Amino acid sequence: MTIAYGSCNLCEAMCGLEFTVEENTVTSIRGDKEDPLSRGHICPKALSLIDLHADPDRLIKPVRREGADWVEIEWSEAYGLVVEGLVATREQYGSNAVGVYQGNPNVHSLGSMTHGIPFTSMLRTRNRYSATSLDQLPHQLVNHLLYGHQLALPIPDIDNTDFFLILGGNPMASNGSMMTVPDFARRAHDLQARGGTLVVVDPRKTETADIADVHHFIRPGTDGLLLLALINVVIAEGTTRVADYVDGTEEVANLVRDFTPDAVASVVGIAAADIVSLATQFATARSAVAYGRMGVSTQQFGSLCQWAIQVLNIVTGNLDRVGGALLTDPAVDLIRKKIVGRGHFDKWRSRVRDLPEFAGEFPCSTLVDEMTTPGDGQIRAMAVFSGNPVLSMPGGTRLNQAFADLDFLVSFDFYINETSRHADVILPPTMSLERDHYDLIFQSFAVRNTAKFMPAILAKKPGAKSDWEIFRNLGIRYRARLAGSSTLDRLRTRLTPKSLVAEARLRLSPRRTIDLLLRSHRAGLSVAKLKKSPHGTDLGPLRPGFPGKLQTRNKRINLLQDIIIAELPALRDLMTSAAVPSGDQLLMIGRRHLRSNNSWMHNSARLTKGKPRHQLLAHPDDLLERNIEDGSVVSVASTAGSVQIEVLATDRMMPGVVSMPHGFGHQRPGVELSVATTVVGASVNDITDPHRVDAVSANAILNGVPVTISPT
């Protein structure tokens, strides 16, 4: 028996863990009390790592489809089939006929970050998609516009703030999102113990609202009105404190002049006096910070909302301030060392719906159009990296058929799930305990600066390969296959300095790559040094650094962004009560649970046991008006389709709003998940409409969806 230390990389929290290992099996997992970030915190998902490793449904070696059956094959054959499928499509229809989707787990894997990105670039396709546009795209776009880099996201300094305003976020369930904050409950308690205030604005009384000092219900999709009204009050009361490197404050004052508390109150559902009080408390607190997540990002005005949150922090003097919002100083600085690019917006547009790209990716809401609309550039082959678009994207029913109709599909996944069941070949990577890990992304979003390298806790199972090995071997074979192809492709793959660098990156192991990055970024750090501190290395609290840390060309912040300002007339229209549903309509929002993780953690009996969590939540008055009984099965219909689901009456919902969780809908032919297929529940994305997107970024709209409910 041995004791090992590492981190959980299932979600953004990076909780430190203590593993008891016997005969290459983890027998127990505890929170690591000496981890400088998580301080012993652990959630139920971490314990499921034991289940993931032992899961009999998990694929270890590649499989290929033969009719309705799956046949296990050797890796060499699998690489050949995948390379041939992708190259044949490229040769016949062009490089854009190959599409790529990268799911959320990619950013939680060091090997996928170091090797998946170079391989994807080899495909030379503009049809690239990722979970970004189902989630945080408005964050990244606003970061790019205001601060000059898509990852330059100021993080709430929860450990020092005196007033924390949360809109559309539930860190008690998420452990923080775009704000890595393990043990949020203790940090919130500490905030209140030092006399601080926690305020939550959400259409549902969430788990975070339960511990807040104040909770306000808000009508979905109207957060932008509330935020502009808060800015209006701050400016009107003369409590602004704006840094001298900020431009556009006076113009913003003119833009928000009409968005008074009295004008927006009846639409947002919060009394004007409460809006004034909230603004005054925020502006006059010793320090304060506003933070918004899925509820404000995945809606009609997602980009405008994220801009307004930043403006509220800026005009109250809480940007780049202890207790406010600050950039991190990670050991591997993705921004200032230019490892990740600044990002770009609207350099080219999608073929079918003319939607803008961001950082080289198209919005997921148009993927199904690109797959099903004939013509030059139609997607005919897909590579899906650790994702499940059939459950995670709007228009799931259409996507399901579109994936079934592809000429070729390769899925990088260790499960045969709702999407990978359509694949021609499945390439399964090792699970997280069987590979080295260093968190490149979420160290950049954490509420404290730390660094930790986790060597693999367990040896790989016989025949298994890590994701980086898969990407390396595929990349080398793909390049070689193209070199022997057409004259044009031979020219594209000739031995240029750029191609040599790409291949060299593929040949380096993730451990060697991260060691080089550590040594070049921060004096005294290396993989060897971090291994001597298995609990993690504390690099200190968040610190001010503007304007030096700004990535804008002139080291200034310009609040006036034309593409955001252009949406103000549409937002103003909401003040005529356009946000209030008509007739029998209700507004649907999503929700997440601590014991779930998007669409792929339902195959652990440890996590799915207990009370059902799939129900549609609705206010009792809304059910009474429709003659619907609590606990009955109802039909939920939208412009995209309908599903049947059990309804649960609760006064934790704002009247006029219903809530349906994401990640269910496993009862489909061909899904080989023995536990998940017994977990009842419909897929919310069968009734979300891919044609409804944020007008600025084209991010998916997953909240504020108009629906009707009726007895079945």
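Student: How much of the protein is buried?
Tutor: Buried residues make up 62% of the 712 residues, where buried means under 20% relative accessible area, exposed means over 50%, and partly exposed is in between, using a 1.4 Å probe and protein chains only. Keep in mind that this is a predicted model: local features need pLDDT of at least 70, side-chain atom pairs count only at pLDDT 80 or more, and totals for chains, interfaces and linings use all residues. Residues are numbered from 1 along each chain as its sequence is written, and side-chain values use heavy atoms, with hydrogens and water left out.

Student: Okay, and how many helices and strands are there?
Tutor: There are 25 helices and 28 strands. Those are DSSP runs numbered from the N terminus: H or I for helices, at least four residues, and E for strands, at least two.

Student: Why is it called as compact as a globular protein of that length?
Tutor: Because its radius of gyration is 25 Å, close to the 27 Å that the globule rule gives for 712 residues. The radius is taken over C-alpha atoms, and the rule is 2.2 Å times the number of residues to the power 0.38.

Student: What does the C-alpha trace span along the principal axes?
Tutor: About 70 × 65 × 55 Å.

Student: Which residues have the most contacts inside the largest nonpolar core?
Tutor: They are F164, L165, W307, Y438, I514 and I557, in a core of 109 residues. A nonpolar core is a set of buried Ala, Val, Leu, Ile, Met, Phe, Trp, Tyr and Cys residues joined through side-chain atoms within 4.5 Å. In soluble globular proteins, nonpolar side chains tend to be buried together.

Student: What does F164 touch?
Tutor: Skipping neighbours within four places in sequence, its contacts include P156, M179, F184 and Y291. Contact means heavy atoms within 4.5 Å.

Student: Switching topic: where's D515, and is it buried or exposed?
Tutor: D515 sits in helix α20, residues 510-521. It's buried, with a relative accessible area of 9%. Not counting residues up to four places away in sequence, D515 touches S526, V527 and A528. The C-alpha atoms of D515 and V527 are separated by 5.2 Å, with the two residues 12 apart along the chain.

Student: Last one, where's Q136?
Tutor: Q136 lies in the loop between β7 (128-130) and α4 (137-147). Q136 is buried too, with a relative accessible area of 14%. Leaving aside neighbours within four places in sequence, Q136 is in contact with A131, M178 and R293.
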